[in-house]
Amino acid sequence: MQHVIVGAGPAGVVAAETLRKGDRNADIVLIGDEPEPPYSRMAIPYVLEGMIEQSGTYLRKTEGHYEGLGIQYRQGRAESVAAADGTLTLSGGETVSYDRLLIATGATPLSPPVPGLDLPGVHNCWTLEDCRGIAKLLNEDANVVLIGAGFIGCIILEALAKRCGNLTVVEMEDRMVSRMMDATAGGMLQRWCGAKNIRVLTSTRVAGIEAASGAGGDKAVVLDNGETIDAHLVVLAVGVAPNIGFLEGSGIKTDHGVLVDQHLESSAKGVFAAGDVAQGLDFSTGEYSVHAIQPTATEHGRIAALNMLGQNAHYKGSLNMNVLATVGLVSSSFGSWEGVAGGDSGVAVDEDGYKYLRLEFEGDHLVGALGIGLTDHVGVIRGLIQNETALGDWKERLQENPHRVMEAYVAHSQT
Amino acid sequence: MQKSLHIDPDKCTGCLQCELACSHVNEGVFNPAKSRIKVFNFHDQGRMVPYTCTQCDEAWCMQACPVDAITLDAETGAKVVSDALCVGCKVCTIACPFGTVNYNASTGKVIKCDLCGGDPECAKACPTAAITYVDANWTGLDRMRQWAAKTDAGAQAEA
């Protein structure tokens with residue numbers, strides 16, 4: 001059996017390892033399109049802040065890991081798929097035959113529609129190559145503008161803030177991390193950044209980036225309010241989109257990402273998709289969504305591989321969740337944190353203490369949560385949501401004091 | 001023979017010796033807030049429940065770690081965090097549905113029970129044998145395992 005995996009991120013690597021575990025003899029080819037060992041994009045900010053070397057981002061640390069498992073790791077970029085023939089064509093024209101194909105091609109950063117992105121010193125922060133480019137310009141005298149304060153932007157924000165002289169963040173939405181934060185949480189984050197001398201401009205768009213010759217940097221970021229900010233370095237983090245362009249004409253159904261069923265199989269038999277490129281079942285909504293998060297990527301990778309092995313593994317859907325530290329302030333969100341129609345909530349806000357917990361219920365089940373400043377036992381929120389635990393009289397207690405969530409969990413699991 | 005922590009809440013008096021022993025041995029401070037085992041006090045029922053990682057087979061934390069910083073100790077079965085490799089991204093803290101991985105802001109790393117390398121201090125410190133370290137096959141792990149299996153239904157394969 002020839003298994004081909006395109007994309008060497010977490011989903012691809014976990015899939016390759018799962019395939020090997022289940023079949024000692026299969027041919028397993030893992031194709032990545034960057035000249036690096038498989039690595040974690042998530043870890044790039046920690047390289048930028050100097051906590052780890054580039055090798056610290058590698059998904060597997062053991063020398064010879066892939067060779068040792070008989071996984072052929074090679075470089076290549078997918079150009080097209082001929083599902084009827086079972087072939088994948090790489091740029092350069094080489095074709096690779098497969099019995100089972102896993103599409104784990106991840107996502108690519110989006111660009112804001114403004115002029116000046118091609119100026120030197122304007123970078124995405126997505127690949128290790130980007131990381132090296134940013135690191136060259138990052139020093140204690142550097143003026144840095146970060147465009148985008150979404151989830152990825154906020155993770156990068158922490159690393160930039162630690163290493164640069166002056167950081168300005170420009171976000172077009174009315175609050176930070178609008179996809180995982182309500183107004184209370186987003187406002188708290190923004191206040192926190194302000195207290196750390198980081199200027200965060202929300203509801204503000206960048207009109208363009210121009211070459212400049214001032215002492216403040218060789219670039220000027222022009223905002224839609226007319227203000228101009230000098231910068232040595234501009235970092236873009238305005239979002240990402242799944243890499244599905246190479247599937248055009250393949251007949252494989254796509255929407256935002258590759259549409260997959262509960263076996264992570266696409267509309268083409270024998271072709272699977274996993275991770276940031278896959279549009280699979282959302283546990284909370286019952287709809288099909290792209291959840292570009294690490295836990296979903298590894299779960300997708302494992303379950304897709306089990307199905308590639310013919311084991312009929314069924315996926316109950318992924319729970320959207322995130323955890324983030326913004327210059328030290330930890331925030332997390334789970335499932336339907338914005339609440340559901342006819343549901344109830346329990347909220348505790350401590351503006352001065354930068355602490356917030358919002359729990360959302362449907363009936364007596366927890367369905368979503370949003371937290372700031374929580375670092376202990378946060379995982380039980382996932383447990384309670386995923387288990388659809390009937391909270392009974394604990395629901396009322398949690399509405400009174402959401403911070404008793406771990407107690408509620410222990411009460412239900414241990415008594 | 002692999003061993004595991006066996007917790008019998010009915011024997012717990014809430015003395016918190018386990019929390020002190022854990023934080024002292026692992027973090028060098030007598031500080032229950034830094035303990036990897038936690039005693040929950042249900043005042044209204046007069047009930048104390050010590051709670052920590054069961055070193056579950058699913059190993060959600062280990063699967064979710066993006067930098068290979070959590071590994072399996074083949075001897076004890078513990079899932080162990082490497083401080084040298086952990087970048088403090090906290091993904092494991094939301095991935096673990098049992099809530100047994102915590103983020104330690106003072107070190108910037110996550111902490112979880114590692115069975116103290118096979119000689120758990122909490123069990124040694126417990127004066128009432130509410131926490132014991134015994135052969136895995138005959139501990140009362142069943143209840144935890146059942147709970148694990150139920151949780152498993154959320155996002156694991158039914159293969």
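The largest nonpolar core holds 181 residues, and among these Ala15(A), Leu146(A), Val235(A), Phe272(A) and Ala274(A) touch the most other members. Such a core is a set of buried Ala, Val, Leu, Ile, Met, Phe, Trp, Tyr and Cys residues joined through C-beta atoms within 7 Å, where buried requires 20 or more other C-beta atoms within 10 Å of the residue's own, with C-beta atoms placed from the backbone. Helix α5 of chain A, residues 151–163, gives the most to this core, with 9 residues. Leaving aside residues up to four places away in sequence, Val235(A) touches His123(A), Cys125(A), Ile134(A), Val144(A), Leu146(A), Ile156(A) and Leu160(A).

All of this belongs to a predicted model, in which local features need pLDDT of at least 70 and side-chain atom pairs count only at pLDDT 80 or more, while totals for chains, interfaces and linings use all residues. Residues are numbered from 1 along each chain as its sequence is written, and chains are lettered from A and ligands numbered from 1 in the order in which they are written.

Where the chains meet, the contact takes 50 residues from chain A and 36 residues from chain B, two residues being in contact if their C-beta atoms, placed from the backbone, lie within 7 Å. On the side of chain A that touches chain B, α10(A) gives the most, with 7 residues.

As for confidence, the predictor gives the complex an ipTM of 0.94 and a pTM of 0.93.

How values were computed
Helices (H or I, at least four residues) and strands (E, at least two) are DSSP runs, numbered from the N terminus. A residue is buried if 20 or more other C-beta atoms lie within 10 Å of its own, exposed if 12 or fewer, and partly exposed in between; C-beta atoms are placed from the backbone.
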